[in-house]
Amino acid sequence: MFRKRPAPDGEELLARLASLTTQARELAELRRSQVELAIALQRDMLPADLPEVPGFRLGACYSPAYAGLNVGGDWYDAFELPDGRVGLSVGDVQGHAIDAAAFMGQVRVGLRALASVTSEPGDLLACTNELVLTLNKDLFATCTFIRFDPATGILESARAGHIPCVRAAADGRAEVCRDEGGPPLGVLEGADYPVTRYRLTSGGVLVLVTDGVVEGPSLSVDDGLDRVARLAGLAAVAGMEAQALAAAVLKNAELIGHEDDAAVLVVGHGPAVTPEGGTGRLPPR
């Protein structure tokens with residue numbers, strides 16, 4: 001016959017409860033420390049300043065995830081290229097916490113370094129893709145890279161699995177740039193990244209975002225992009241500054257309850273992006 005184990009007395013129950021409470025507190029402190037470290041890493045890796053571009057304005061905003069360990073590897077970047085043009089990028093690393101933030105830094109720095117060798121957007125993303133593959137990480141990144149020529153207003157864009165950018169003209173016409181893209185960085189060897197060309201003319205804006213800006217629990221990516229397009233159109237008509245528009249786009253993301261990181265990069269022209277030849281898309285070289 002089996003004997004019943006004696007029921008634990010009150011002191012034993014209190015001891016067990018105290019032990020479990022201590023373990024839970026230690027685990028919560030560890031996770032909070034990991035989140036704080038990831039956020040600090042991520043913020044430190046973002047550019048402290050944006051380039052000064054005569055006749056144009058650049059603005060950017062970033063917000064970490066609101067849901068604990070969901071903090072990840074979103075980034076934005078803008079830097080001068082050796083030939084006087086400007087490189088613009090936004091990206092998003094798959095994954096969260098410290099690993100994603102550190103991997104984001106590797107991808108962003110690698111892209112910058114390779115841009116000094118080749119700034120042609122399609123070639124640059126292809127080279128960065130090969131570099132990411134050599135890191136042998138179980139992570140990948142989406143990215144948009146744009147080479148911007150302030151002298152002509154021409155933007156050359158290539159996408160690696162990233163969501164499209166949004167553009168608006170001075171008269172308020174706005175649209176999502178549904179240009180062709182390639183696979184995310186670090187997924188497929190020998191990947192190609194098509195290049196699409198646009199022109200930024202007086203009064204227009206270009207808005208680049210990560211998916212945390214346009215996707216939420218009750219909002220699809222397409223609906224989120226449409227919201228950004230409407231906001232960009234209104235901002236272009238009102239002559240809103242690039243930094244103010246970036247802040248407004250990010251504020252809209254907070255209102256929809258985004259759960260992921262969110263990054264916004266805006267380029268504005270003078271007192272924006274208008275179609276050339278009625279389409280806004282430039283013919284290939």
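This dialogue explains how to read several features of a predicted model.

Biologist: How is a pair of aromatic rings described?

Modeller: Such a pair is described by the distance of the centres and the angle of the planes. Rings of Phe, Tyr and Trp (its six-membered ring) pair if their centres lie within 6.5 Å; planes under 30 degrees apart count as stacked, over 60 as edge-to-face and the rest as tilted. The structure holds 2 aromatic pairs. In one of them, F56 and F148 are edge-to-face, with 4.8 Å from centre to centre and 85 degrees between the planes.

Biologist: Which strands does the pair of F56 and F148 link?

Modeller: Strands here are DSSP runs of E with at least two residues, and helices are runs of H or I with at least four, both numbered from the N terminus. F56 lies in strand β1 (residues 56–63) and F148 in strand β4 (residues 141–149), 92 residues apart, and the pair thus links distant parts of the chain.

Biologist: Is F56 buried or exposed?

Modeller: Buried means under 20% relative accessible area, exposed over 50%, and partly exposed in between, with a 1.4 Å probe and protein chains only. F56 has a relative accessible area of 6%, so it counts as buried. F148 is also buried, because its value is 0%.

Biologist: What is the geometry of the pair formed by F79 and F145?

Modeller: F79 and F145 are tilted, at 6.4 Å centre to centre and 35 degrees between the planes. This pair joins strand β2 (residues 73–80), which holds F79, to strand β4, which holds F145, across 66 residues. F79 is buried at 7%, and F145 is buried at 0%.

Biologist: How is the length of helix α5 read?

Modeller: The expected span of a helix is 1.5 Å times one less than its number of residues. Helix α5 (residues 221–238) has 18 residues and reaches 26 Å from its first C-alpha to its last, close to the 26 Å expected. Its buried residues include G224, L225 and V228. Just after α5, G239 takes a positive phi of about 70 degrees.

Biologist: Is D99 buried or exposed?

Modeller: D99, in helix α2 (residues 97–115), is exposed because its relative accessibility is 58%.

Technical notes:
Residues are numbered from 1 along each chain as its sequence is written. This is a predicted model: local features need pLDDT of at least 70, side-chain atom pairs count only at pLDDT 80 or more; totals for chains, interfaces and linings use all residues. Side-chain values use heavy atoms; hydrogens and water are left out.
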